[in-house]
Amino acid sequence: MSDVVRQGENFDKLVIGVDDAAENLYLLQSIARAAGYTFVGLQSGQEVLALPLHVRPRLIFLDIEMPKLDGFETCRLLRRSGHLNDVPIVFLTVRNSHRDVKRCLAVGGSDFIMKPINPQKLLERLRYWTDRRASFHPPNAAGKRVTKA
Amino acid sequence: MSRSPKSRARGRDLDPSCLAALASVLPAQSLRDYVALYLTGTDERIAGLAAAIAAGDHAAAAREAHVLVGTSGSVGATELCARARALEMLCRNGAASDEAARQAAAIAAAVERSSAALRRWLEAQGAAAPERG
């Protein structure tokens with residue numbers, strides 16, 4: 001895991017990306033860093049669940065299709081965890097069926113960005129969610145957004 | 001002015017608007033590094049895809065194709081992206097092995113064309129293209 005998660009680092013603008021494809025992580029990292037964010041890339045759901053308590057990202061980008069622990073299950077477990085249950089989670093996926101969108105919200109996802117990644121849209125969503133952190137609340141059990149404007 | 005058929009075909013190999021969109025948010029060196037990483041990763045995925053098809057492992061082939069959909073679409077390899085999406089669906093829907101093998105061969109050919117275009121783009125940027133896998 002990157003050195004950036006050491007105790008005492010400044011996590012004020014920390015964004016985490018979780019994707020098993022190195023190309024996708026590099027793209028996320030490049031976009032986030034160019035926009036002034038600190039970025040940590042992780043290649044599995046297990047790694048994000050194992051983040052130390054002192055690591056408080058502003059946003060998590062989460063791929064859905066990953067071996068062993070997929071994005072849906074990772075999100076569900078993050079929402080149950082104590083310290084990351086209120087961090088916005090944006091799914092990145094090539095899936096776009098109505099069922100998939102509903103499932104993203106049902107497990108506690110905040111947003112949904114389609115792959116292939118449109119860099120401008122990703123940057124827009126990145127800024128939107130990191131700017132709204134103070135008023136963000138994860139979806140409730142019924143999958144309804146409760147984010148306040 | 002309408003584009004010639006050859007020009008349209010080249011556009012499906014590599015849609016330049018995708019690289020332009022990336023260039024609008026990324027530093028030039030990051031974009032070059034990303035393209036180089038994509039080329040290396042795609043060679044590995046094509047090898048993995050061929051091995052999965054040869055072994056009749058459609059679940060593994062679908063996973064490789066799924067990743068290719070996202071990565072190839074981001075750099076503008078439009079035809080490759082569409083073919084990878086089609087193969088992923090075929091594999092998930094239990095298509096016959098020969099049908100999946102035909103689509104995988106078409107994907108390999110699309111990779112050749114799009115990767116050649118990306119290598120030319122890298123060279124035009126003054127960057128060395130990575131060694132073929």
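**Note on the predicted two-chain model**

1. Between chain A and chain B the count is 2 salt bridges, and since the model is a predicted one, this and every other value below should be read as computed from predicted coordinates. Over all chains the structure holds 14 salt bridges. One of the pairs between the chains joins Arg45(B) to Glu23(A), with the closest N and O atoms 2.7 Å apart; this pair runs from helix 3 of chain B, where Arg45(B) sits, to helix 1 of chain A, where Glu23(A) sits. Another is formed by Arg92(B) with Glu65(A), and here the closest N and O atoms are 3.4 Å apart.

2. Polar contacts across the interface of chain A and chain B come to 4 residue pairs, counted where both residues have a pLDDT of 80 or more. On the side of chain A that touches chain B, at least two residues each are supplied by helix 1 (22-34) and helix 5 (119-131) of chain A. Helix 1 of chain A gives the most to that side, with 8 residues. Sorted by class, the side of chain A that touches chain B has 11 nonpolar, 3 polar and 3 charged residues.

3. In residues, the contact takes 17 from chain A and 25 from chain B; in area, about 1800 Å² is buried between chain A and chain B, and carbon and sulfur atoms give 68% of it. Within chain A, the residues that lose the most area to chain B are Glu23(A), Tyr26(A) and Val94(A), which together account for 35% of what that side buries. Glu23(A) is also the partner of Arg45(B) in the salt bridge described in the opening point.

4. Rolling a probe the size of a water molecule over the atoms shows where empty space is left. The largest pocket has a volume of about 270 Å³, and the elements that give two or more residues to its lining are helix 3 (28-54) and helix 4 of chain B. Of these, helix 4 of chain B gives the most, with 6 residues. The lining of the largest pocket consists of 16 residues, among which Asp20(A), Glu65(A), Pro67(A), Arg63(B) and Glu64(B) lie nearest the centre of the pocket. By class, the lining residues of this pocket divide into 6 nonpolar, 2 polar and 8 charged. Glu65(A), named here beside the pocket centre, is the residue that forms a salt bridge with Arg92(B).

5. A search of the whole structure for cavities of 30 Å³ or more finds 1, and the largest cavity has a volume of about 40 Å³. Residues from both chains line this cavity, namely Asp19(A), Asn24(A), Asp63(A), Val94(A) and Lys115(A) together with His66(B), Val67(B) and Gly70(B). The largest share of the lining, 3 residues, comes from helix 4 (residues 58-75) of chain B, while by class the lining divides into 2 nonpolar, 3 polar and 3 charged residues. Val94(A), listed in this lining, is also among the residues of chain A that lose the most area to chain B.

6. Two places in the backbone of chain A deserve a look. Most residues other than glycine have a negative phi, and most peptide bonds are trans. Lys115(A) and Pro116(A), however, are joined by a cis peptide bond, with omega about 0 degrees, and Pro116(A) has its place in the loop between strand 5 (111-114) and helix 5 of chain A. Lys115(A) is likewise one of the residues that line the largest cavity. Lys68(A), a residue other than glycine, has a positive phi near 70 degrees, and Lys68(A) is found in the loop between strand 3 (59-63) and helix 3 (71-80) of chain A.

Key. Residues numbered from 1 in each chain as written. Chains lettered and ligands numbered in written order. Predicted model: local features only at pLDDT ≥ 70, side-chain atom pairs only at ≥ 80, totals over all residues. Heavy atoms only, no water. 1 Å grid on protein atoms, 1.4 Å probe; cavity = no way out; pocket = protein on both sides within 12 Å on 5 of 7 lines; lining within 4 Å. Points joined across faces, edges and corners; volume = space filled by probe spheres on them. Helix = DSSP H or I, 4+ residues; strand = E, 2+ residues; numbered from the N terminus. Nonpolar A, V, L, I, M, F, W, Y, C, P; charged D, E, K, R; others polar. Contact = heavy atoms within 4.5 Å. Buried area = accessible area lost by both parts, 1.4 Å probe. Salt bridge = Lys/Arg side-chain N within 4 Å of Asp/Glu carboxyl O. Polar contact = N/O pair within 3.5 Å; in protein donor to acceptor, adjacent residues only side chain to side chain.
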